[in-house]
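Q: I'd like to learn how to read helices and sheets in a model. Can we walk through a few together?

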Amino acid sequence: MRALVVEKLAAEYAGCVVKDIPTPEPKAGEVLVRVRAGAVNFPDLMQTRGEHQHKPEVPFIPGMELAGEVVALGEGVTQWKIGDEVAGGMRGAFAEYAAVPAGALHRKPAALSFGQAAGYPVAYLTAYVALVRRAQVQPGEWVLVHGAAGGVGLACVDMAKLLGCKVIAASASDEKLAIISREYAPDAVVNVSQGFKDKVKEITGGRGADVIYDPVGGDVFDESVRCIAFDGRILSIGFTSGRLPVLPVNYALIKGFSVMGVRAGEYGRHFPQKGLENVAAIWKMAEEGKVKPRVDQEFPLNGWREAFDTLADRKVVGKTIIRPDL
């Protein structure tokens, strides 16, 4: 089979190559999936350089999320049959076939394409854990979503609307905000390139946002502290800006707000039953057609570098997909 293989950790993806390797055999408890779509996430880019907290041993096949068809069953697998359409999170999605633990897969919702299903679980699980478990949002609360055009940001816009919140989508691109407005109908949009705290306060009647979802960090976090409502919650999702911000705790003392870290997978590992409930909840939403995961572009396996660059250069609205079957 053809696969994108990280043979060494290096800058500018210098250690990555598409090559022919043996098709894996599913072990006991695994299924072999013909990959129809693999979603690109920032950790995939970071892992090629060894900069992510999870550092797989080289050589490895990147790609955290996939969707496809079951083509072979390992010993003891009874919940799947050959031909089933499945989706789930794992490593090794950027290949024509992947051997996946049977329990890591979910039935692909009929309402979603393979590309949508591949890009669904990580972003929407993050949004669900952030909004429901950590912030415990209530209908009618104002939720400011930074990086709203990215995969995890757009999932939060979609999820917050579904939960009955009033949503402010924030981005540095008017073009991206126009797409978000047209397809997701947030209650307001804000271009952050010239600052945003005054606009957020104006939109919220001077109160500030009740919840701020921040996958960006850096200057965005610094300014968010100045437009969070009293008793509000800032959700720290990541640091795509490249700078880890520092909070002067006197701001939190005076304004009475909380800063909450969000790692959806880690939450599930610490609270296994809640973790199962979280996963079940997001897939139920997808099966019922209540969510709208957005695929921005799809690339063949040989176009992996261009696919990676859509994230690195902030060109994407939603998710970028690699299609090994093209």
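Q: Is helix H4 mostly covered or mostly open, and how many of its 12 residues are buried?
A: This is a predicted model, and we call a residue buried when its relative accessible area is under 20%. In H4, nine of the 12 residues are buried, so that helix is mostly covered, going by that cut-off. Among them are Leu 154, Cys 156, Val 157 and Met 159, and even Asp 158 is on the list.

Q: What span does H4 have from its first C-alpha to its last?
A: You compare the span with what 1.5 Å a residue would give. H4 covers residues 151-162 and reaches 17 Å, close to the expected 16 Å. After the helix comes Gly 164, with a positive phi near 85°.

Q: Which residues of helix H11 are buried?
A: Look at Trp 304, Ala 307, Phe 308, Thr 310 and Leu 311. These residues sit on the same side of H11, because they cover an arc of only 150° around the axis. Their packing partners include strand E1, helix H1 and strand E15.

Q: How about the sheet: in what order do the six strands come?
A: Read across it: E10-E9-E8-E11-E12-E13, an open sheet with parallel pairing. E10 and E13 stand at the edges with a single partner strand each, so one side of each has no neighbour in the sheet. From one strand to the next, the twist averages 20°.

Q: How many bridges join E12 to E13?
A: Four, and the two strands run parallel. In one of these pairings, Ile 234 has Val 259 of E13 as its bridge partner. Helix H3 packs on this sheet, and its direction makes about 150° with that of E11.

Definitions and conventions: Residues are numbered from 1 along each chain as its sequence is written. This is a predicted model: local features need pLDDT of at least 70, side-chain atom pairs count only at pLDDT 80 or more; totals for chains, interfaces and linings use all residues. Side-chain values use heavy atoms; hydrogens and water are left out. The expected span of a helix is 1.5 Å times one less than its number of residues. Buried means under 20% relative accessible area, exposed over 50%, partly exposed in between (1.4 Å probe, protein chains only). The arc is that of the directions from the helix axis to the C-beta atoms. Contact means heavy atoms within 4.5 Å. Two strands pair if DSSP finds at least two bridges between them. Axes are lines fitted to C-alpha atoms, for helices over the stretch in contact, and angles run from 0 to 180 degrees between N-to-C directions.
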